[in-house]
Amino acid sequence: MKYALVNNFKTEAQKDLKGYCPICESELTAKCGDFKIHHWSHKKIRNCDPWWENETEWHRNWKNNYPAAWQEFPFKDQKTDEKHIADIYTAHGLVIEFQHSNINPEERNSRELYYKNMIWIVDGTRLKRDYLRFLKAFKDFKKTEKKGIYMIDQIEEVFPSNWINSSVPVLFDFKGLDELKDKTDLRNNLYCLLPVRQGWHSIIAEVPRDAFLRTTINSEWTSRTQNFIESLLPKKEQQIEIEEIQPQPAQREGTHYYDHKKGRFIKRRRF
Ligand SMILES: [Zn+2]
């Protein structure tokens with residue numbers, strides 16, 4: 001973990017410092033060696049949070065894009081008291097989880113149900129074949145009227161199978177720790193699989209990194225994504241919603257109305 005509580009303050013690991021875990025309150029040891037990134041480690045167990053994965057430089061770089069107060073946020077379900085550490089929990093209620101290791105669909109699903117308003121950033125450099133598969137499939141991406149939005153026939157030929165049925169947006173980061181000199185390199189962008197289908201098509205949005213950071217920090221991300229997903233819903237469903245919301249005064253009113261000034265019923269005019 002990047003942070004522990006030291007005298008109740010969120011503190012980074014320093015040699016010989018003693019800290020406490022914000023989740024289980026047990027003692028943590030500062031690990032400040034030369035090889036691994038400096039971190040806090042539980043003394044007796046690997047980690048009290050079964051969803052925790054050992055941090056890589058990739059995790060740290062991503063976390064450091066956000067204010068310290070949002071990083072490694074101790075999250076508690078008010079109903080069940082279940083506790084987990086969210087990689088990022090923004091001031092406007094969005095959880096961002098950075099996933100490097102392999103994850104099975106069951107655990108992915110539990111985490112989505114637990115955090116609800118969340119997105120995944122997946123390290124697409126862990127397996128070489130993931131980017132090769134994406135590159136091969138990219139040639140057949142169908143462009144739409146909207147720039148950077150693509151319709152996909154066979155999503156299993158684009159992304160690893162454990163991510164394709166996610167109920168929240170999943171963004172693939174194929175750049176990892178690489179420095180890209182070529183501005184046209186596809187890996188400059190993130191590729192977001194949206195949790196919506198249009199017919200049998202999956203939808204992928206190409207998201208520039210700076211736009212992603214800007215909108216997740218200023219809170220626009222959630223409303224923009226929701227509006228976009230709603231615009232993709234079948235027209236039939238949209239129409240039903242509109243009909244249900246709109247009142248229908250014409251049917252409730254009679255043919256006459258009472259005029260208080262005149263003190264009598266007046267026949268309505270038809271327009
Ligand atoms: Zn703990």
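Which residues lie nearest the centre of the largest pocket? Keep that in mind; the tour ends there.

**Before you start.** This is a predicted model, where local features need pLDDT of at least 70 and side-chain atom pairs count only at pLDDT 80 or more, while totals for chains, interfaces and linings use all residues. Residues are numbered from 1 along each chain as its sequence is written, and side-chain values use heavy atoms, with hydrogens and water left out.

**Stop 1: helix α2.** Select residues 105-115. Helices are DSSP runs of H or I with at least four residues, strands are E runs of at least two, and both are numbered from the N terminus. Colour R108, R111, E112, Y114 and Y115, which are buried (under 20% relative accessible area; exposed is over 50%, partly exposed in between, with a 1.4 Å probe and protein chains only). Now look down the axis of α2: the buried residues fall within an arc of 165°, so they line one face of the helix. The arc is taken from the directions from the helix axis to the C-beta atoms. On the other side of α2, E106 and L113 are exposed.

Next, show β6 (71-76), β7 (83-89), β8 (95-99) and β9 (118-123). The buried residues of α2 pack against these strands; contact means heavy atoms within 4.5 Å.

**Stop 2: the nonpolar cores.** Select F134, F141, V158, F159 and I204. These have the most contacts inside the largest nonpolar core, which has 30 residues. Such a core is a set of buried Ala, Val, Leu, Ile, Met, Phe, Trp, Tyr and Cys residues joined through side-chain atoms within 4.5 Å. Its largest share, four residues, comes from α3. Centre on F141: it touches F134, Y150, M151, I152, V158 and I204, not counting residues up to four places away in sequence. Apart from this core lies another, of 24 residues, with W62, L194, I203 and W221 among them.

**Stop 3: the largest pocket.** Select I149, A205, E206, V207 and R224. Of the 18 lining residues, these lie nearest the centre of the largest pocket. On a 1 Å grid over the protein atoms alone, a pocket is an open set of points where a 1.4 Å probe fits, with protein on both sides within 12 Å along at least five of seven lines; lining residues have an atom within 4 Å of a point. β13 (189-198), β14 (201-208), α4 (209-217) and α5 (220-232) each supply at least two lining residues.
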